[in-house]
Amino acid sequence: MAVILARQLAQDEFGLYKQAFLLQNTFIMLLDLGLPGSLYYFLQHNEQERRQYVSQSLAVLALAAVVGGAVVVVGAPWWGGAFYENLLSPLAPQLAVFLGSTLVSSVLEVVLIARQRARQAAIAYCVSDLALASLVVGTVLTGGGVVGVLWAVTVVHVARTGALVVYARRAGLLGFRGLSREPLTRQLNYAIPFWGGHIVELLAVAAPQYYVSAWYDTRTYAVFAVGSMSVPFVDVIYATVVSMIVVQLTRLAQVNALDQTRDTLGNGIRLVAIVCLPLFVLLEIIAGEVIVLLYTSRFVDAVPVFRVSLLLLPLIATQLECVPRAYGDTRFLFFMCAVRGVVCVGLLAVLPAAFGLAGAPLAFVLALVASHVLLLVRVSRLTGLGYAKVWPLGVLGRIVAASLVSAIPVLVMKGTGLLAFGPALGAAGLAFGATYIVTLWRFGVLRSGEKAAVRTLGRRLGALVGVLGREAVEGRPR
């Protein structure tokens with residue numbers, strides 16, 4: 001979606017579009033009160049009170065959406081000044097509806113995953129994202145501009161909110177009769193420190209983007225946004241795996257199952273690392289070619305920013321934030337996020353002056369490294385695991401080795417200069433992927449069930465290729 005929009009919109013319009021979604025992320029972090037994240041924890045406890053936890057969460061979030069939307073409209077002259085050219089504040093009414101609908105609908109997949117309905121959550125993710133991409137791209141192609149994009153996103157999130165209400169009622173999780181104060185107090189005692197941590201973390205996550213928005217024009221922010229883009233699917237994979245780990249670790253923490261805790265945490269890290277580490281290696285090699293191919297040479301200045309932003313992938317693969325959440329230690333999360341935010345803001349005063357635009361994401365990367373050190377110490381104390389056992393170092397080492405081996409054919413092709421052509425770049429990616437799967441297999445990273453899934457997929461792809469080949473030879477292509 002971002003690729004098409006970057007090509008169809010003028011550069012300053014694309015920057016405005018990215019600023020609107022920066023405001024969306026800020027709005028959610030400021031107003032969700034930590035309630036969506038707390039449901040992962042509370043839907044594993046007190047089975048008789050699950051309906052109250054979901055109902056009170058939706059009620060409070062709806063109220064926050066209304067209040068926040070009003071603040072967006074009334075405060076437009078104030079918050080608009082945070083952006084260098086102040087192009088967003090005239091869109092305040094559309095932004096208010098857009099932001100409010102996004103906030104409430106964010107609970108949909110949370111409830112599904114917390115109730116261990118992973119398949120339904122996956123369907124909800126896919127349907128939502130496909131609908132969002134279709135509407136947004138269609139709006140832009142028909143000349144709707146940024147305003148049309150905001151309305152298209154609003155339509156999708158209103159539909160998601162309706163689906164959430166229908167599902168919650170059918171599952172017996174929505175009803176406002178007989179609600180009491182004690183469960184709400186219990187949930188807020190858990191959620192508020194978690195929320196406070198996210199607000200403080202906003203300093204680290206959004207500070208580089210607000211820094212660039214405040215000191216550079218919208219066209220430059222568009223370049224920065226392209227360089228800071230998230231790698232497709234990584235966020236969804238990480239969020240899904242971590243959510244499942246929180247659910248499992250919450251149960252294991254109640255019975256103090258040390259070995260199972262280590263295995264569950266290690267397996268979650270392994271699954272995320274299998275995706276993140278090879279992507280990091282591959283994209284660092286072909287960063288320039290990818291940016292130019294996807295976004296055209298207009299955004300070639302985004303390449304240094306992109307290379308620095310890719311450093312987040314190894315840090316995502318070794319993230320341990322799920323453990324304090326599972327143990328209910330949200331006060332530590334607040335402290336950790338505070339440290340991350342302070343370090344990031346402090347580095348922003350120095351690094352952009354030395355490294356230009358690339359210094360902004362570098363400040364966040366270094367702040368995340370600092371929080372990783374704090375998390376390692378805390379997780380070791382919470383679980384009783386030694387530092388060397390918190391991360392599955394042996395498995396991570398084999399994944400890194402497999403990624404480096406798989407990079408060899410890509411480096412050979414890059415040396416020939418062929419990667420400037422799209423088909424050659426695609427062939428290099430396929431060569432990397434094929435080598436990586438084989439190497440993972442040989443290095444013993446995949447488990448028996450995963451190997452069986454790979455075999456099944458291989459047989460199906462082979463059968464498909466055979467059918468297509470026969471039909472092409474016989475002159476009956478489908």
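Author: Helix α12 (residues 234–255) and helix α13 (residues 258–285) have axes that come within 9 Å and cross at roughly 175 degrees. Axes are lines fitted to C-alpha atoms, for helices over the stretch in contact, and angles run from 0 to 180 degrees between N-to-C directions. Helices are DSSP runs (H or I, at least four residues), numbered from the N terminus. α12 and α13 are therefore roughly antiparallel to each other; angles over 145 degrees count as such.

This is a predicted model: local features need pLDDT of at least 70, side-chain atom pairs count only at pLDDT 80 or more, and totals for chains, interfaces and linings use all residues. Residues are numbered from 1 along each chain as its sequence is written, and side-chain values use heavy atoms, with hydrogens and water left out.

Now the contact itself. On the α12 side, the residues include Val 234, Ile 237, Tyr 238 and Val 241. Among their counterparts in α13 are Gly 268, Val 272, Val 275 and Cys 276. Contact means heavy atoms within 4.5 Å. By class, this contact has 11 nonpolar, 5 polar and no charged residues. Ala, Val, Leu, Ile, Met, Phe, Trp, Tyr, Cys and Pro count as nonpolar, Asp, Glu, Lys and Arg as charged, and the others, Gly among them, as polar.

The structure holds 6 salt bridges (a side-chain nitrogen of Lys or Arg within 4 Å of a carboxyl oxygen of Asp or Glu). One of them joins Glu 109 and Arg 160 at 2.7 Å, N to O.

Technical notes. Helix = DSSP H or I, 4+ residues; strand = E, 2+ residues; numbered from the N terminus. Parallel < 35°, antiparallel > 145°, perpendicular 65-115°, else oblique.
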